[in-house]
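Student: I am new to this structure. Please take me through one part of it closely.

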Amino acid sequence: MHYDQYKVNDFLEDQYFVQWVIRPDGTSDLFWRNWLKQHPDKRLVVEEAIAFIRSIGYAHTHHLEKAEYTQILNRLQEAHRHRHKAGSRFAPFIYSGIAACVLLLLMVLIFRYDGQVPDEKISLKTVSTENGQKKTIDLPDGSQVILNSGSVLRFPEEFEKGQREVELKGEAFFRVSKDPERPFVIHSGELTTRVLGTSFNIRSYADDEKILVSVATGRVRIEDHQGHIETLLPSDMGVFHKSEMAIEKLKCDVDALTDWTRGILIFKDESLPEIFDRLEKWYGVKIKIEGKVDLEGKYSGRYDRKPLDRVLEGISYTSQFNYKVLNKTVTIYEK
Amino acid sequence: MDFQGSSDKQDVVSEYRLWEKFRQGSEIALTEIYRLYADKLYNYGCQFTTDTSLVRDCIQDLFLELIRSKENLSPTDSIRFYLFRSLRNGIVHSLQKGKLRTQKETDSIAADFNITFFQDTEFLHDQEDLERKQLIRSKLDLLPSIQREAVLLYFYEGLSYQQIADLLGSKRKSAQSLIYRAIKLLGDNLLVHRHELISLAIFLVIPF
């Protein structure tokens, strides 16, 4: 049965409809609003269904007292910190990274030499940045990489004859020297980026849902593990969605995306938890939330080489929190 | 405001990301998940028992267990469902454990999950209206608590049939029929309050 034949009861039985009424998200909102525009005759039926849904609630609602809320939260944060002592955050994936990278280079060697046992050992270099750090790296072929906070770059001491391969975790801006004989290949999680001689930005943090590749100059080809390929030209951005395992191509403002290489921090309509997360990486601090704090709202801002204090001041001014900075720890608490 | 739902506009992708960040060890993500769901979990838990300290303990245990085993958790795009299910299991387990000790109560968990049917409407009430409400309330009271729970999970918490089935430990079709029957029961009384519906319709149509 199509939606245009639905009566009130049918809408109520439709979980997609009910979920849209209770918790609209981008996709469902778009769908239903469109559908309603195309079927204005169903408006009253839909409104009746919405009224029904909105009428239902708990007869007795219970709320946690603030003290109880905070007591539990404190215990949880304590337990969490106890489990995550000193810098073990990067430990899990560095371990798997080394294994993957070495395996990769080994495989490449084996295929090229057609079964001949290579007599040279591959020696890999690792450069990593802590939160709050940025590093510029010169690669053996003259290419340059600017590595952003909380990132790791692995590359061989000398590049192969057929390919130049590196591995990236985190974010970096690459200026690849031209070498038509040797494509430059970057492995970043599930995405492989292949270039000849260009400049582009790759953002591939482990805890992000997407891997982003944006091109400043030249031409870049990205490929995922399932063989999907996209070719990107200047001001193109390739987005790899980890959950859907799909590649999307969009237009982008490369200058804005590479502002970080010039020390400019920009927020565009981001939630406070997201902003705190980025500030942790950018300034190399730990941000703790104490008690029950209102973290609603989206914020935008632009900070050109400003200290942490100025950024926090700016955001807290129009929001519901106060903050305290002590060495490398920021505590957020209620206003 | 027209067709907006409740204030928490949580989309699938941001739920997924938040959970991933938590799995990777972000304390901010933990705090955010707690902030978003602690109160809702408390309300849900208190429908099962009047022992509020038991509910609080169960919530704490639930999060502590998540913290302990986060690397082994699978990705999800519905943190709400995941937490509700864990809490329900925890509370039911605790309540049954308690019963074995006392051996006094022999009946199954007498849960609340009482439903109010006139949450959002603020219209003038006359005698006819009052009688209607009483009729609906008496019908709702006759429903077993598990059906009332299903109705609230579906129409208030916004869980899917499959999720409700998983929560209650039954099959999707059973969960569906619980809801369908409730709709049929309540739906018969729907068209009666015509005044309210017309006022509502005008209220909602005007913004367009």
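Student: How many residue pairs are in polar contact between chain B and chain A?

Tutor: This is a predicted model, where local features need pLDDT of at least 70, side-chain atom pairs count only at pLDDT 80 or more, and totals for chains, interfaces and linings use all residues. Residues are numbered from 1 along each chain as its sequence is written, chains are lettered from A and ligands numbered from 1 in the order in which they are written, and side-chain values use heavy atoms, with hydrogens and water left out.

The count is 22 residue pairs, both at pLDDT 80 or more. A polar contact is a pair of N or O atoms within 3.5 Å; within protein, one must be able to donate a hydrogen and the other to accept it, and residues adjacent in sequence count only if both atoms are side-chain atoms.

On the side of chain B that touches chain A, α2(B) gives the largest share, 12 residues. Helices (H or I, at least four residues) and strands (E, at least two) are DSSP runs, numbered from the N terminus. By class, this side has 36 nonpolar, 17 polar and 19 charged residues. Ala, Val, Leu, Ile, Met, Phe, Trp, Tyr, Cys and Pro count as nonpolar; Asp, Glu, Lys and Arg are charged; the others, Gly among them, are polar.

In total, 72 residues of chain B and 66 residues of chain A are in contact, meaning heavy atoms within 4.5 Å.

The rule also finds five salt bridges across the interface. Each is a side-chain nitrogen of Lys or Arg within 4 Å of a carboxyl oxygen of Asp or Glu. Arg35(B) forms one with Glu296(A), their closest N and O atoms being 3.2 Å apart.
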